[in-house]
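This briefing sets out what can be read from the coordinates of one model. Please consult the sequence and the structure below alongside the text.

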Amino acid sequence: YSRPFELHGYGKLALEMAQLSKAQRWDEMQARVPDDLYHDFVTVGTYDTIAEKLRDRYEDCVSSIEFAMPVDNEADAGALREVIQDLQRGAT
């Protein structure tokens with residue numbers, strides 16, 4: 001992951017993480033990851049905002065998207081259906 005980290009200004013962090021993983025010091029890694037890094041690499045949102053956020057971030061550069069979320073009950077299944085419908089409504 002060093003190249004994407006470097007592109008976003010986290011080259012030093014990538015080296016530190018590699019050293020920690022080789023030393024099996026997994027518990028120390030999470031504390032070193034700044035919140036900004038998550039937002040550089042992932043799209044974060046609630047069920048009612050994620051479709052719009054995905055569209056805003058990717059509509060000009062992707063033609064398809066894979067989306068997954070845990071479905072443990074009918075309410076979860078309904079939420080997933082709504083997110084997928086929201087994504088499809090925005091598709092051109």
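Asp86 is partly exposed, because its relative accessible area is 21%, and the term covers values between buried (under 20% relative accessible area) and exposed (over 50%), computed with a 1.4 Å probe and protein chains only. Asp86 forms a salt bridge with Arg89, with 2.1 Å between the closest N and O atoms; a salt bridge is a side-chain nitrogen of Lys or Arg within 4 Å of a carboxyl oxygen of Asp or Glu.

The model is predicted: local features need pLDDT of at least 70, side-chain atom pairs count only at pLDDT 80 or more, and totals for chains, interfaces and linings use all residues. Residues are numbered from 1 along each chain as its sequence is written, and side-chain values use heavy atoms, with hydrogens and water left out.

**Salt bridges**

- The structure holds six salt bridges.
- Asp86 and Arg89 both belong to helix 5, three residues apart, which is about one turn of the helix; helices are DSSP runs (H or I, at least four residues), numbered from the N terminus.
- Arg89 has a relative accessible area of 60% and is therefore exposed.
- Glu16 pairs with Arg32 in a salt bridge whose closest N and O atoms are 3.4 Å apart.
- Because Glu16 lies in helix 2 and Arg32 in the loop between helix 2 and helix 3, this pair ties together parts that are 16 residues apart in sequence.
- Glu16 counts as partly exposed at 23% relative accessibility, and Arg32 is partly exposed with a relative accessible area of 35%.
- Arg25 and Glu28 meet through their side chains in a salt bridge of 2.7 Å, N to O.
- Arg25 is partly exposed at 38% relative accessible area, as is Glu28 at 32%.
- A network of salt bridges links Glu16, Arg25, Glu28 and Arg32.

**Aromatic pairs**

- The structure holds two aromatic pairs; rings of Phe, Tyr and Trp (its six-membered ring) pair if their centres lie within 6.5 Å, and planes under 30 degrees apart count as stacked, over 60 as edge-to-face and the rest as tilted.
- Phe5 and Tyr10 form an edge-to-face pair, at 6.5 Å centre to centre and 70° between the planes.
- Both Phe5 and Tyr10 are buried.
- The pair of Phe5 and Phe41 is tilted, because the ring centres are 5.4 Å apart and the planes stand at 35°.
- Since Phe5 lies in helix 1 (residues 2-7) and Phe41 in helix 3, that pair ties together parts that are 36 residues apart in sequence.
- Phe5 counts as buried at 15% relative accessibility, whereas Phe41 is partly exposed at 31% relative accessible area.
- Phe5, Tyr10 and Phe41 make up one aromatic cluster.

**Nonpolar cores**

- In soluble globular proteins, nonpolar side chains tend to be buried together.
- The largest nonpolar core has nine residues: Phe5, Tyr10, Leu13, Ala14, Met17, Leu20, Met29, Val33 and Leu37; such a core is a set of buried Ala, Val, Leu, Ile, Met, Phe, Trp, Tyr and Cys residues joined through side-chain atoms within 4.5 Å.
- Helix 2 (residues 11-22) gives the most to this core, with four residues.
- Apart from this core lies another, of five residues, among them Ile50, Ala51, Leu54 and Leu87.
- Met29 touches Met17, Leu20 and Ser21, not counting residues up to four places away in sequence; contact means heavy atoms within 4.5 Å.
- Ala14 lies in helix 2 and counts as buried at 14% relative accessibility.
- Ala14 touches Ser2 and Phe5, with residues up to four places away in sequence not counted.

**Surface and distances**

- Tyr38, Phe41, Val42 and Val44 form a nonpolar patch on the surface, with about 310 Å² of accessible area together.
- Patches are made of residues with over 30% relative accessible area and no salt bridge, like charges being joined within 9 Å and nonpolar side chains (Val, Leu, Ile, Met, Phe, Trp, Tyr) within 5 Å; accessible areas come from the Shrake-Rupley method with a 1.4 Å probe, and for residues only the protein chains shown count as cover.
- Tyr38 lies in helix 3 (residues 35-41) and is partly exposed, with a relative accessible area of 36%.
- Cys61 is found in the loop between helix 4 (50-58) and helix 5 (74-90) and counts as exposed at 56% relative accessibility.
- Cys61 and Arg25 are 36 residues apart in sequence and 37 Å apart in space, C-alpha to C-alpha.
- Ala14 and Glu74 are 60 residues apart along the chain, with their C-alpha atoms separated by 40 Å.

Definitions and conventions: Helix = DSSP H or I, 4+ residues; strand = E, 2+ residues; numbered from the N terminus.
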